[in-house]
Amino acid sequence: MGQQQKIVLRERQQTISLELQQILFAEAQDDYVVIHTAQRHYMKTQSLADFAAALPEHDFIRCHRSYLVNRQHIKTLEKASKDTLNLTLSNGATIAVSRSGAERLKQAGVV
């Protein structure tokens, strides 16, 4: 499969083409994925796992069962408590990191 550089979303009666580098993170919400950019967010009817499978694995990392982050937008990774880590993204958003997510970040060379 070739590496795509854009995703196409349908919103109301519009088709929106979104550059992958615009995506800060994606969040699972029930049967939807909420795709967050610096300007706004978009909802897509899809599981987070299916959405992640369509993206370049090197650029997007599943850091939690509910979150997929764009590694280009990771600013800091900090301990929130004894057992929890948080990522801070370029827009200031804070994302929880699970133990397995921390391992994936480590394998990707982010940690």
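**Figure 1. The hairpin of β1 and β2.** Strands β1 and β2 form a hairpin with two residues between them, and arginine 12 in the turn has a positive phi of about 50°. The model shown here and in the following views is predicted. The pairing of β1 with strand β2 (residues 14-19) is antiparallel and runs over six bridges. Arginine 12 itself lies in the loop between β1 and β2. With a relative accessibility of 74%, arginine 12 counts as exposed.

Figure 2. Glutamate 11 belongs to strand β1 (residues 6-11), and isoleucine 16 lies in strand β2. Glutamate 11 counts as buried because its relative accessibility is 16%. Isoleucine 16 is likewise buried, at a relative accessible area of 15%. Leaving aside residues up to four places away in sequence, glutamate 11 touches Ile16, Arg40 and Tyr42. Isoleucine 16 and tyrosine 42 are 26 residues apart in sequence, and their C-alpha atoms are 9.7 Å apart in space.

Figure 3. The largest nonpolar core has 15 residues, of which Ile7, Ile23, Ile35 and Phe51 touch the most other members. Two or more residues of this core come from each of the elements β1, β2, β3, β4 (32-37) and α1 (48-53). Not counting residues up to four places away in sequence, isoleucine 35 touches Ile7, Leu9, Leu18, Ile23, Phe25, Ala26, Arg40, His41, Tyr42, Lys44 and Phe51. A second core of 14 residues is separate, and among its members are Phe25, Cys63, Leu87 and Ala102.

**Figure 4. The aromatic pair of phenylalanine 25 and tyrosine 67.** One aromatic pair is found in a search of the whole structure. Its rings belong to phenylalanine 25 and tyrosine 67, with 6.1 Å from centre to centre and 55° between the planes, and the pair is tilted. Distant parts of the chain are linked by this pair: phenylalanine 25 is in strand β3 (residues 23-29) and tyrosine 67 is in strand β7 (residues 67-70), 42 residues apart. Both phenylalanine 25 and tyrosine 67 are buried.

**Figure 5. Aspartate 30 in the loop between β3 and β4.** Aspartate 30 is located in the loop that lies between β3 and β4. Its phi is near 55°, a positive value in a residue other than glycine. Aspartate 30 is exposed, as its relative accessible area is 80%.

**Figure 6. The open sheet of β8, β9 and β10.** Three strands make up an open sheet in the order β8-β9-β10, and their pairing is antiparallel. Strands β8 (74-79) and β10 (94-97) are the edge strands, each pairing on one side only. From one strand to the next, the twist averages 25°. Strand β9 (residues 85-89) is joined to β10 by four bridges, and the two run antiparallel. Asparagine 86 has alanine 96, in β10, as its bridge partner. Helix α2 (residues 99-107) packs on the sheet and touches β8, β9 and β10, its direction making about 100° with that of β10.

Figure 7. Gly101, Ala102 and Leu105 are the buried residues of α2. Viewed down the axis of α2, these residues fall within an arc of 100°, so they line one face of the helix. An α-helix has 3.6 residues a turn, so residues three or four places apart point the same way. The buried residues of α2 pack against β6 (60-64), β8, β9 and β10. On the face turned away from the buried side, α2 carries the exposed residues Arg99, Lys106 and Gln107. Glycine 109 follows α2 and has a positive phi, near 80°.

Methods: Residues numbered from 1 in each chain as written. Predicted model: local features only at pLDDT ≥ 70, side-chain atom pairs only at ≥ 80, totals over all residues. Heavy atoms only, no water. Phe/Tyr/Trp six-rings, centres within 6.5 Å; stacked < 30°, edge-to-face > 60°. Buried < 20%, exposed > 50% of the residue type's maximum accessible area, 1.4 Å probe, protein only. Contact = heavy atoms within 4.5 Å. Pairing = 2+ DSSP bridges. Axes fitted to C-alpha atoms, helices over the stretch in contact; angles between N-to-C directions. Core = buried A, V, L, I, M, F, W, Y, C linked by side-chain atoms within 4.5 Å. Arc of directions from axis to C-beta.
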